[in-house]
Amino acid sequence: MSGERIRTALSFTIVNVMFVLAGAMATAEQPWMAYADASEAGFSAAALEEARVFADSNRAAAVMALHRGRVVAAWGAVDRPLMAHSVRKSLAGALYGIAVDEKVLSLSDTLSELGIDDEPALNAEEKRATFRDLIASRSGVYHGAAYADADQEKQRPARGSHLPGTFWFYNNWDFNTAESIYQRKTGEDVYAAFDRRIARVLGMEDFDPARQFRVLEPSQSRFPAHTFRISARDLARFGQMYLQEGRWAGHQVVPAAWVRESFRVHSVTGDKTGYGYLWWIYEAGSLGANYPTLDKMAVYLARGTGGQTVFVIPQAEMVVVHRGDTDNGRSVAGPPIWQLVERLVAAGRGAATTTPRLVPMVVQPLASNL
C-alpha cells in the first residue's frame with residue numbers, strides 16, 4: 001500500500017472512531033442547547049471572546065461553533081437565512097446519497113441513459129459521463145452553465161479537451177445537471193425534498209422551501225442552479241449530522257457509507273487536499289504552520305462565495321459555521337475564516353466534564369452587524 005493510501009486509511013480510521021464517539025450527541029431539541037460554562041466543555045472563555053472579537057473585526061454576519069453537538073459559540077445573525085452560494089452543492093449531496101441508497105439513482109448511469117442533453121447539444125463522448133462524474137466534478141462536459149462566476153467561465157477547458165472521469169474541474173454544469181437529474185428520477189422538487197428529508201428531520205428552524213429560488217440562464221444551459229437561502233443555526237445542524245456519519249437523534253438520515261464516500265478524496269487538488277462528493281477535503285498536515293492546531297487534523301469543508309462555510313472537524317468533535325452577508329456586499333475572504341476556525345479549535349484546552357450543564361443558546365451580537 002502506498003504512503004498516500006496509508007495516510008488516507010489512518011485518517012478515515014480516526015474519523016470513524018470520532019463519528020462513533022459523536023453519535024450519542026445527536027440532538028433533536030429546538031432551540032439549540034449550549035454549555036452553561038465553556039470550561040465544562042474544556043474551552044477557554046477568554047479565548048472564545050478573543051475569537052469573537054476577531055470575527056467581528058472581519059465583519060462576519062454569523063458564526064456558530066459546536067462541540068459534541070452543543071453550542072460553544074453563537075455570534076451575530078445566526079437565525080437569518082442568507083445565500084449559501086456553493087454550500088448548496090453539499091446540501092443537495094445529502095439528497096443524492098439517500099436516493100442512491102434507495103436505488104432511485106445509480107452512480108453509474110450515463111448522461112445518455114438518463115436522457116440528458118443541452119443547447120448547444122452534447123456529443124456522444126460527453127454523454128458517456130456518469131452521475132458519479134457529475135458529483136465528483138469530473139464529467140468532461142465543458143458547457144456553459146448557470147450561476148457560474150467569472151473565474152469559472154474564464155478557466156473552463158475547451159469542449160472535448162478531456163474524457164469523462166479523467167480530469168477534475170470545478171464545474172457548475174455538473175452540479176446543476178445533477179440537481180435536475182435528481183428531480184427527474186425522484187419526481188420531487190429539490191427544495192421540497194430537502195425540506196421533507198433533511199430540514200424537518202433535523203429540526204431546522206428557519207428553512208422555508210418557498211423562499212428558495214432557481215437561477216436559469218437559457219443562453220448558457222437548459223439546467224438551472226438551485227440556490228439555497230439558509231441560516232447559520234440550520235447549517236450547524238447539517239454539519240453536525242455529517243459529523244455523526246449521517247445520524248440524527250437515533251435515526252440514520254443520510255447513509256453512513258455516503259458520508260464516508262463524500263469525505264473521501266476523489267480528486268487531488270493540492271498537497272494533501274482534495275475534492276470528494278461535493279465536499280472539500282484537507283488531510284492532516286495540509287494547512288501548514290499558520291494553523292498549528294488545525295494542521296494536525298483532517299478537515300471537511302462545504303464552502304461558498306463570500307464567506308459561507310461549514311467546517312466538520314471530527315478529531316476535535318467540532319462543527320463550525322461562518323456566514324458572510326453577501327446580500328449587502330459584506331463578503332469575508334477565506335484566510336480570516338480559517339484563522340477564526342483555528343482560534344476556535346485552539347480554544348479547546350482541557351477535558352470536558354462528563355455531565356456538563358446545558359442551557360438554551362444565547363446569541364452574542366456582533367457590533368459590525370448593528
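Start by selecting Asp195: this residue is buried, with a relative accessible area of 10% (buried means under 20% relative accessible area, exposed over 50%, partly exposed in between, with a 1.4 Å probe and protein chains only). The term covers a side-chain nitrogen of Lys or Arg within 4 Å of a carboxyl oxygen of Asp or Glu. Arg200 counts as exposed, at 59% relative accessibility.

Some housekeeping before going on: this is a predicted model, where local features need pLDDT of at least 70 and side-chain atom pairs count only at pLDDT 80 or more, while totals for chains, interfaces and linings use all residues. Residues are numbered from 1 along each chain as its sequence is written, and side-chain values use heavy atoms, with hydrogens and water left out.

The structure holds 22 salt bridges. Select Arg214 and Asp189 for another one, 2.0 Å from N to O. Arg214 sits in strand S5 (residues 213-215) and Asp189 in the loop between helix H6 (172-186) and helix H7 (190-202), so this pair ties together parts 25 residues apart in sequence. (Helices, H or I of at least four residues, and strands, E of at least two, are DSSP runs numbered from the N terminus.) Both partners are partly exposed: Arg214 at 40%, Asp189 at 23%.

Next, pick Asp327 and Arg229, which form a salt bridge with their closest N and O atoms 2.8 Å apart. Asp327 is in the loop between strand S15 (318-323) and H10, and Arg229 in strand S7 (residues 229-230), 98 residues apart.

**A charge without a bridge**

Where is Asp109? Look in the loop between H3 and helix H4 (131-135). Asp109 is buried yet has no salt bridge; the nearest side chain of opposite charge, Lys185, is 4.3 Å away (Lys and Arg count as positive and Asp and Glu as negative, with His and the chain ends not counted). Leaving out residues up to four places away in sequence, Asp109 touches Leu114, Ala129, Thr130, Phe131 and Lys185, where contact means heavy atoms within 4.5 Å.

**Into the core**

Now for the nonpolar core, a set of buried Ala, Val, Leu, Ile, Met, Phe, Trp, Tyr and Cys residues joined through side-chain atoms within 4.5 Å. The largest one has 111 residues, and those with the most contacts inside it include Tyr96, Phe194 and Phe238. Helix H3 (residues 87-101) supplies its largest share, eight residues. Center on Phe238 and look for its contacts, among them Ser90, Phe194, Ile198 and Trp279.

**Helix H2 and a histidine**

Select helix H2 (residues 45-57). Its buried residues are Ala47, Leu48, Ala51, Arg52, Phe54, Ala55 and Asp56. Show strand S2 (62-67), strand S3 (70-76) and helix H10 (334-346) too, as they are included in what covers those buried residues.

Finally, jump to His143, in the loop between H4 and helix H5 (150-155). His143 counts as buried, at 1% relative accessibility. Its contacts beyond four places in sequence include Asp118, Glu119, Arg156, Trp173 and Gln220.

**Zoom out**

What does the protein chain contain? It has 10 helices and 16 strands. Buried residues make up 58% of its 370 residues.
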